[in-house]
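Please read the following points with the model open beside you, and look up each residue as it is named.

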Amino acid sequence: MSYQYRAGPDLIEQVLRELKDHCYVPEDAAFVHGTLDSPNRAIYYNDYSFLDALGYYQSENILNDAVAMLKKEGMIKGDYEAPHHMFDMYAYIVKNSFVVPWKSFTPTMERLVYAVSLYKKPRRILSVGVNCGYTQAWIMGHLWKSEQDDGNVYYALEKNPSLLHIAKKNLDGLRLPCASHYIKGDASEVLDTLTETDFDMIFLDTRRDIGILHKLYGKLAKGGWLLMHNASDPHFTVEMKPYLDFVRDLSHFEASMLFAVDAKGLELSIK
């Protein structure tokens, strides 16, 4: 099954109130609920500027809401709650130690990725498009304060050698109990030679070659989670369509959810 998370009306109105308080929108601006977008210039959910703002306001409440939907649809089980306090402590370390030339992760997306990783607790992680390692910090956050490595292993693929060097320095500085491997090269070629399989979490941040997704699918363990960034970015609608069609096919994944929590979005798919 495929699902989509959108912030509810109450959260939207709270975000809109904060935008007005900061003079980012006119005081008489009104949000049109029940409609994604329109040629009119009222505020709609798919307005890029609104989605961008959504990534910076009401992050904790939006995460609570998203976790509730994951539990409702059976993608998260038990009494798991959003880990705000743990996130805040870990985020302080990451944001005060990392060198980040550029990032597209919003505060809301940081909390979301950290929360799903903390629930899943993946031991075998593969990231394609590691950039400076900032995204991976949230994926690997569940390892923070863990005293045993338990066979934890992490593979980072990045074709830009300068970014890969920064990523290694950033992530190694966290001293997480994990055997990390940093591989420079084009993912479409590296994946052909990477013999490791049965990853229980894979992060994908590229839209250049659908063949990369097909190769990753074969390396994802049954029950493994695939995270794809930029899943709802309107600038990448054409590029993302074959990726989303693949992960939302029930013959490939048992469930997939799009989180439209900011202008980029995230797709979480369970094999």
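This is a predicted model: local features need pLDDT of at least 70, side-chain atom pairs count only at pLDDT 80 or more; totals for chains, interfaces and linings use all residues.

1. Two packed helices are described by the angle between their axes and the distance between the axes. For helix α4 (residues 84–97) and helix α5 (residues 107–120), the angle is about 115° and the axes are 11 Å apart, while the crossing of α4 and α5 is right-handed.

2. Which residues of α4 and α5 make the contact? From α4 come His-84, Met-86, Phe-87, Asp-88, Tyr-90 and Lys-95, and from α5 come Glu-110, Arg-111 and Tyr-114. Sorted by class, this contact of α4 with α5 has 4 nonpolar, 1 polar and 4 charged residues.

3. The largest pocket has a volume of about 540 Å³, and its lining is made up of 27 residues, of which Gly-129, Asn-131, Glu-158, Asp-205 and Thr-206 lie nearest the centre of the pocket. Helix α6 (134–139) and strand β3 (153–158) each supply at least two residues of this lining. By class, the lining of the largest pocket has 11 nonpolar, 8 polar and 8 charged residues.

4. The second largest pocket holds about 220 Å³ of space. Its lining consists of Gln-4, Leu-36, Asp-37, Asn-46, Leu-51, Ser-232, Pro-234, Thr-237, Leu-258 and Ala-260, and by class this lining has 5 nonpolar, 4 polar and 1 charged residues.

5. Two backbone angles also deserve a look. Lys-121, whose place is in the loop between α5 and β2 (124–128), has a phi near 50°, which is a positive value in a residue other than glycine. Asp-198 is placed in the loop between α8 (187–193) and β5 (199–204), and the phi of Asp-198 is near 55°, again a positive value in a residue other than glycine.

Key
Residues are numbered from 1 along each chain as its sequence is written. Side-chain values use heavy atoms; hydrogens and water are left out. Axes are lines fitted to C-alpha atoms, for helices over the stretch in contact, and angles run from 0 to 180 degrees between N-to-C directions. Helices (H or I, at least four residues) and strands (E, at least two) are DSSP runs, numbered from the N terminus. A crossing is left-handed if the near helix is turned anticlockwise from the far one by less than a right angle, and right-handed if clockwise. Contact means heavy atoms within 4.5 Å. Ala, Val, Leu, Ile, Met, Phe, Trp, Tyr, Cys and Pro count as nonpolar, Asp, Glu, Lys and Arg as charged, and the others, Gly among them, as polar. On a 1 Å grid over the protein atoms alone, a cavity is a set of points where a 1.4 Å probe fits but cannot get out, and a pocket is an open set with protein on both sides within 12 Å along at least five of seven lines; lining residues have an atom within 4 Å of a point. Grid points are joined across faces, edges and corners, and a volume is the space filled by probe spheres set on the points.
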